[in-house]
Amino acid sequence: MATKYIRFGNMMPTEEQKARPYLIDKDPFQIAGNLYYVGNLWCASHLIDTGEGLLLLDVPAASGYPGLLINIQKLGFNICDLKWIVCSHAHTDHYGCIQALVARTGAKTYMGRVDTEDMMANPERTKRLDAGLGPYNEPFVPDVQLEDGDVLTFGNVTMKCVLTPGHTIGVMSHFWEMDVDGETLRVGIYGGSGYGSLSTEGLKKFGQPLSMQRVFVESIEKVWDEKVDIMLGNHPFHSDEYQKNERRKKGCAGNPFIDPTEWHRYLTELRTGFEDFLQFTPEQGAAMFAETHLMEYYEGVFED
Ligand SMILES: [Zn+2]
């Protein structure tokens with residue numbers, strides 16, 4: 001069972017990786033054009049050089065802060081040029097080091113209004129979700145609270161924000177066009193893919209409405225027709241980012257990140273996996289988590 005659902009199972013770092021977070025750090029890489037991966041094996045963080053400052057899409061949990069800074073430096077960028085941070089949803093592994101970054105760079109922050117209000121209204125739940133994730137994973141109030149359909153401009157980037165609830169009640173997906181060697185390509189990040197918390201028991205445990213199960217599928221349908229040439233996730237294991245980078249390092253033809261078929265393939269995998277998951281008995285659901293491990297997913301990927 002583990003292999004089929006692995007990217008949606010328990011992809012948390014091990015206790016040792018939580019205690020020594022640098023163990024999940026890896027070198028950053030360029031995806032295409034002005035777009036780079038600066039996150040770690042667990043949490044995605046995407047950097048865009050907008051021509052008028054740096055933009056980060058999601059940031060790791062606070063334990064990944066030093067690794068994030070080193071990755072940005074390794075690419076030759078200066079963290080002091082960070083101007084904007086767009087956070088997909090109110091989970092620690094996407095906003096954990098925002099407060100630390102804002103304190104040092106003054107970057108302006110963005111997150112959906114629905115998730116912001118939900119996070120503020122449920123501090124106890126946030127505390128429970130943060131438990132065990134290390135120090136200073138502070139919730140934050142974004143400077144700008146995004147609405148469904150908002151269009152944001154950051155330098156040469158015009159980004160559309162789409163509310164795609166399910167994983168949280170206010171998770172947002174983001175789409176923008178970029179120029180790659182004279183060609184215009186469209187990038188899409190599907191906001192919240194994890195469905196592990198959407199079992200009937202899980203929703204009860206975290207005080208979420210059962211309707212989230214229906215909403216999760218409706219969100220997939222909502223963005224189905226988006227044109228996406230480069231699909232990203234807010235975890236690297238959603239779109240196999242490290243695997244693609246390793247393929248490119250080995251000299252594969254073309255850019256493996258550019259794949260206009262991946263969006264539909266991914267959304268289909270997400271939907272069918274979720275439909276299976278809803279049919280699981282609580283024991284099967286528990287087994288899915290017990291049998292998935294972050295490092296198992298990366299087995300054989302890296303040569304070093
Ligand atoms: Zn999440």
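Visitor: How many residues does the largest nonpolar core have, and which have the most contacts inside it?
Guide: This is a predicted model. Its largest nonpolar core has 72 residues, and Leu55, Leu56, Val59, Ile85 and Ile230 have the most contacts inside it. In soluble globular proteins, nonpolar side chains tend to be buried together.

Visitor: Take isoleucine 230. What is it in contact with, leaving aside neighbours within four places in sequence?
Guide: Isoleucine 230 is in contact with Ile31, Ala32, Leu185, Val187, Phe257 and Ile258, once those within four places in sequence are set aside. The strand β12 covers residues 230-233, and β12 stands at an edge of its sheet.

Visitor: Which strands form that open sheet, and in what order?
Guide: Five strands form the open sheet, in the order β8-β9-β10-β11-β12, with mixed pairing. At the edges stand β8 (151-154) and β12, each with a single partner strand, so one side of each has no neighbour in the sheet. From one strand to the next the twist averages 25°.

Visitor: And β8 with β9, parallel or antiparallel?
Guide: Antiparallel: β8 and β9 (residues 157-163) pair over four bridges.

Visitor: OK, over to leucine 55. What is its bridge partner in β5?
Guide: The bridge partner of leucine 55 in β5 is tryptophan 84. Strand β4 (residues 54-57) and β5 run parallel and are joined by four bridges. The chain crosses from β4 through α3 to β5, and this β-α-β crossover is right-handed.

Visitor: How many residues of β5 are buried?
Guide: Four of the five residues in β5 (residues 82-86) are buried, so the strand is largely enclosed by the rest of the structure.

Visitor: What about β6, how many of its residues are buried?
Guide: Four of the five residues of β6 are buried, and the strand is mostly covered. Strand β6 (residues 108-112) pairs with β5 in the parallel sense over three bridges. Tryptophan 84 stands opposite lysine 108 in β6, and valine 86 stands opposite tyrosine 110.

Visitor: Where does tyrosine 110 go from there, what stands opposite in β7?
Guide: Valine 144 in β7 stands opposite tyrosine 110. Strand β7 (residues 144-146) runs parallel to β6, with three bridges joining them.

Visitor: Back to α3. Which of its residues are buried?
Guide: In helix α3 (residues 65-74), the buried residues are Tyr65, Gly67, Leu68, Asn71 and Ile72. Seen down the axis of α3, they fall within an arc of 160°, so they line one face of the helix. An α-helix has 3.6 residues a turn, so residues three or four places apart point the same way.

Visitor: What covers those buried residues?
Guide: The cover over the buried residues of α3 includes β3 (46-49) and α5 (98-105). After α3 comes glycine 76, with a positive phi near 90°.

Visitor: How many residues are buried in α7?
Guide: The count is zero: none of the eight residues of α7 (residues 123-130) is buried, and the helix is hardly covered. Glycine 132 follows α7, and its phi is positive, near 85°.

Visitor: Glycines are one thing. What is phi for aspartate 58?
Guide: Phi of aspartate 58 is near 65°, a positive value in a residue other than glycine. Aspartate 58 sits in the loop between β4 and α3.

Visitor: Is aspartate 58 buried or exposed?
Guide: Aspartate 58 counts as buried, because it has 28 C-beta neighbours inside 10 Å, and the cut-off for buried is 20 or more.

Visitor: And aspartate 181, buried or exposed?
Guide: Aspartate 181 counts as exposed, with 8 C-beta neighbours inside 10 Å. Aspartate 181 also has a positive phi, about 50°, although it is not a glycine. Its place is in the loop between β10 and β11 (183-190).

Visitor: What does valine 180 touch, not counting residues up to four places away?
Guide: Valine 180 touches Ala32, Gly33 and Leu185 on that count. Valine 180 lies in β10 (residues 172-180) and is partly exposed, with 18 other C-beta atoms within 10 Å. The C-alpha atoms of valine 180 and leucine 35 are separated by 9.8 Å, though the two residues are 145 residues apart along the chain.

Notes. Residues are numbered from 1 along each chain as its sequence is written. This is a predicted model: local features need pLDDT of at least 70, side-chain atom pairs count only at pLDDT 80 or more; totals for chains, interfaces and linings use all residues. Two strands pair if DSSP finds at least two bridges between them. Helices (H or I, at least four residues) and strands (E, at least two) are DSSP runs, numbered from the N terminus. Axes are lines fitted to C-alpha atoms, for helices over the stretch in contact, and angles run from 0 to 180 degrees between N-to-C directions. A nonpolar core is a set of buried Ala, Val, Leu, Ile, Met, Phe, Trp, Tyr and Cys residues joined through C-beta atoms within 7 Å. A residue is buried if 20 or more other C-beta atoms lie within 10 Å of its own, exposed if 12 or fewer, and partly exposed in between; C-beta atoms are placed from the backbone. Two residues are in contact if their C-beta atoms, placed from the backbone, lie within 7 Å. The arc is that of the directions from the helix axis to the C-beta atoms. A crossover is right-handed if, with the strands pointing away from the viewer, the path from the first strand over the helix to the second runs clockwise.
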